[in-house]
Amino acid sequence: MSAKILVVADDDVDMRTLLASRLRRRGYEVIEVADGVELLGYLRSTVQSWTLDDEEVRVPSAIISDVTMPGLNGFDVIEDLRRDGCHIPVILITGLETEETNDKAARWDAMVCTKPFDIFRFCSTVDEVVGASG
C-alpha cells in the first residue's frame with residue numbers, strides 16, 4: 001500500500017516547507033502548493049470525479065490549507081470543493097482565529113488550527129484526521 005497523500009497549501013514558503021517536511025517524516029506523501037488557485041487546480045486535475053471508484057485515482061487523504069492566501073483563500077477553496085461534493089477532510093491553519101473563522105469552518109466541516117501551534121501536536125492531529133477518514 002502506498003503512502004497516504006496530503007496536500008499542503010500555504011503562500012508562506014517557510015511554513016509550507018516546515019509542514020511538508022514534518023509530515024513526510026511521518027510517512028505521508030505531501031504535495032505542496034502555493035495558494036488556493038493552485039490547490040483547486042491540482043485537485044481538479046488529479047480527481048476528475050469525486051465519486052470515481054478507480055484505484056488509479058490517488059485522492060488525497062486530507063487537505064491542509066492556510067486561510068489567508070492571495071487569489072482564492074482557504075474558505076473559497078473548501079466552499080468550492082464541498083459544492084462539488086468533495087468531502088476530503090480539511091484542516092485550515094490561521095494566525096487569526098475568530099468566532100467567524102470557527103463558524104465558517106464548522107459550516108464546511110473543516111477543522112481549524114491556530115498559529116503558532118506545536119508542530120508535534122499538529123502532526124498528531126493530522127494523523128487522527130487521516131486515520132478517521134480511512
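A residue is called buried under 20% relative accessible area, exposed over 50% and partly exposed in between, with a 1.4 Å probe and protein chains only.

**Figure 1. Overall fold of the predicted model.** This is a predicted model in which local features need pLDDT of at least 70 and side-chain atom pairs count only at pLDDT 80 or more, while totals for chains, interfaces and linings use all residues. Residues are numbered from 1 along each chain as its sequence is written, and side-chain values use heavy atoms, with hydrogens and water left out. Of the 134 residues of the protein, 43% are buried. The protein has 5 helices and 5 strands, taken as DSSP runs (helices H or I, at least four residues; strands E, at least two) numbered from the N terminus. Their order from the N terminus is β-α-β-α-β-α-β-α-β-α. Among contacts (heavy atoms within 4.5 Å) with a separation of 6 or more, 67% join residues 24 or more positions apart.

Figure 2. A cavity is a set of points on a 1 Å grid over the protein atoms alone where a 1.4 Å probe fits but cannot get out, and lining residues have an atom within 4 Å of a point. Grid points are joined across faces, edges and corners, and the volume is the space filled by probe spheres set on the points. The count is 1 cavity of 30 Å³ or more, and the volume of the largest cavity is about 30 Å³. Its lining consists of Leu 39, Ile 63, Ser 65, Gly 74, Val 77, Ile 78, Leu 81 and Val 90. Both β3 (62-66) and α3 (74-83) supply at least two lining residues, and α3 gives the largest share, with 4 residues. By class, the lining has 6 nonpolar, 2 polar and no charged residues; Ala, Val, Leu, Ile, Met, Phe, Trp, Tyr, Cys and Pro count as nonpolar, Asp, Glu, Lys and Arg as charged, and the others, Gly among them, as polar.

**Figure 3. Cys 86 and Cys 123.** Cys 86 is buried at 1% relative accessibility. Cys 123 is also buried, with a relative accessible area of 3%. The whole structure contains 0 disulfides, a disulfide being a pair of cysteine sulfur atoms within 2.5 Å.

Figure 4. Asp 109 lies in the loop between α4 (99-107) and β5. Although not a glycine, Asp 109 has a positive phi of about 55 degrees, and this residue is exposed at 59% relative accessibility. Pro 116 lies in the loop between β5 (111-114) and α5 (119-133). The peptide bond from Lys 115 to Pro 116 is cis, with omega near -5 degrees.

Methods: On a 1 Å grid over the protein atoms alone, a cavity is a set of points where a 1.4 Å probe fits but cannot get out, and a pocket is an open set with protein on both sides within 12 Å along at least five of seven lines; lining residues have an atom within 4 Å of a point.
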